Number of protein chains: 2
Amino acid sequence: MMRDDTTTDPAVGEFMGGLLSGVSSEAARRLIVAAVEAFAERGYYATTTRDISAAAGMSPAAMYIHYSSKEAILFAATRIAHDAAQATITRPVLPTESIEERVRAIVRDFTRWHADGAPLARVAQYQREALSVEHQAVIAAIRRRTETLMRTEIEAGVRAGVFHPRDVGSAARAILSMGIDVVRWFRPGGRMGAAELADQYAELALRMLGVPPSTDAPA
Amino acid sequence: MMRDDTTTDPAVGEFMGGLLSGVSSEAARRLIVAAVEAFAERGYYATTTRDISAAAGMSPAAMYIHYSSKEAILFAATRIAHDAAQATITRPVLPTESIEERVRAIVRDFTRWHADGAPLARVAQYQREALSVEHQAVIAAIRRRTETLMRTEIEAGVRAGVFHPRDVGSAARAILSMGIDVVRWFRPGGRMGAAELADQYAELALRMLGVPPSTDAPA
């Protein structure tokens with residue numbers, strides 16, 4: 001079944017466009033977008049490879065050129081999402097930026113990514129148990145590295161005498177958790193936009209780390 | 001098909017036992033436990049009513065005496081979980097308890113509930129979109145009330161001059177979010193137990209609200 005039009009959500013496609021530049025072909029990118037939309041709507045198990053290929057405007061046989069299974073597409077999407085979320089934490093070192101400013105920017109970017117990134121981020125978070133054991137291990141390694149990166153930033157602030165967490169691991173976990181949970185409830189058009197939410201959460205994260213309230217609060 | 005044994009997980013059943021006292025019959029309780037286990041493992045859409053009735057040791061026909069559909073069981077489980085989570089925030093007023101101690105206890109209980117309560121809490125959080133529009137509205141109302149309760153506690157602390165959040169709504173959301181996200185990653189036997197996690201998160205919540213670090217940190 002070949003179709004000229006696709007049923008993919010333009011918003012999902014637009015957001016994912018930037019993330020998918022490393023994917024080998026336009027057809028593979030289209031399959032990922034279609035799969036994420038279907039998984040987000042119906043869940044992984046209720047989605048068939050036929051649903052995905054049809055939504056991407058190609059035949060099931062054409063799909064298998066790019067991905068050997070439904071699980072392979074889920075893995076590709078999950079890995080892209082986890083790499084992109086982690087990239088918000090691997091901020092380049094700016095000589096003029098204090099550790100407080102740096103962590104504020106990191107939490108802001110991480111939160112913002114999860115607000116803008118749903119439903120991709122939601123699929124990546126909630127369908128992980130559908131991955132093969134090997135693929136779960138790959139994702140778990142990215143997640144451990146993300147937590148390590150956050151802990152490393154907090155430890156730098158502790159060494160600088162700026163952060164005073166009671167427990168570095170719990171603080172790192174809570175800050176990431178707060179940002180990740182955005183994928184569960186955030187919807188565009190709500191009381192607070194993604195940018196303001198990210199700004200508020202960055203302030204809350206610094207408070208968790210024992211930094212006094214910001215005096216230059218945005219309007 | 002009647003069976004003497006069931007395939008339900010004893011741990012799920014044990015935790016849920018206390019929550020299900022309001023459910024009309026032992027058979028209905030068994031169906032909820034079986035459904036939660038199946039939804040947690042395979043997702044809602046891939047679970048059939050036959051799977052649920054078989055795991056509860058009864059026939060599909062017998063199941064329909066208690067619940068008219070798979071969605072009706074999901075709704076029952078989701079409502080029980082949301083009511084129980086909310087109950088941790090409707091703490092009785094203790095004359096000897098400061099607002100700081102009160103909010104610390106609330107965040108501790110709320111976090112602890114989500115750590116102990118997975119996989120029920122996980123199903124309640126992640127399968128909500130499978131509910132009918134009417135049932136989603138019932139759950140959304142409980143959630144709005146939970147947020148209102150948390151905001152009310154924070155506002156009481158602001159009036160008392162103890163809490164200094166930049167934005168009450170964001171702080172309430174972040175504190176609940178941090179606790180709810182526990183259902184995504186917490187597994188018993190990890191680095192930190194439920195009780196210690198709950199204690200750490202309560203401290204982090206008070207810091208978000210502008211309370212100076214606790215000096216009587218537990219060992």
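**Entry 1: the A/B interface**

I started with contacts between the chains: 41 residues of chain A are in contact with 40 residues of chain B. Contact here means heavy atoms within 4.5 Å. The model is predicted, so local features need pLDDT of at least 70 and side-chain atom pairs pLDDT 80 or more, while totals for chains, interfaces and linings use all residues. Residues are numbered from 1 along each chain as its sequence is written, chains are lettered from A in the order in which they are written, and side-chain values use heavy atoms, with hydrogens and water left out.

Next I looked up the area. About 3300 Å² is buried between chain A and chain B, and carbon and sulfur atoms give 49% of it. Buried area is the accessible area (1.4 Å probe) that two parts lose on being put together, summed over both. On the chain A side, A:R166, A:R184 and A:R207 lose the most area to chain B, together 23% of what that side buries.

I found eight salt bridges between chain A and chain B. The rule asks for a side-chain nitrogen of Lys or Arg within 4 Å of a carboxyl oxygen of Asp or Glu. One pairs B:R166 with A:D199, with the closest N and O atoms 2.7 Å apart.

Then I checked which element of chain A gives the most to the side that touches chain B. It is α9(A), with eight residues. Helices are DSSP runs (H or I, at least four residues), numbered from the N terminus.

**Entry 2: helix α5 of chain A**

I checked the length of α5(A), residues 70–87. Its 18 residues should span 26 Å at 1.5 Å a residue, and the end C-alpha atoms are 26 Å apart, which agrees. The expected span is 1.5 Å times one less than the number of residues.

Of the 18 residues in α5(A), 15 are buried, meaning under 20% relative accessible area (1.4 Å probe, protein chains only). At the helix start, a side-chain oxygen of A:S69 comes within 3.4 Å of the backbone nitrogen of A:E71.

**Entry 3: two residues of chain B**

B:T49 is in helix α3 (residues 49–55) of chain B. Its side chain makes a polar contact of 3.4 Å with that of B:Y64.

B:S59 sits in the loop between α3 and α4 of chain B. B:S59 counts as buried because its relative accessible area is 18%. A polar atom of its side chain lies 3.0 Å from the backbone nitrogen of B:A62.

Methods
Buried < 20%, exposed > 50% of the residue type's maximum accessible area, 1.4 Å probe, protein only. Polar contact = N/O pair within 3.5 Å; in protein donor to acceptor, adjacent residues only side chain to side chain.
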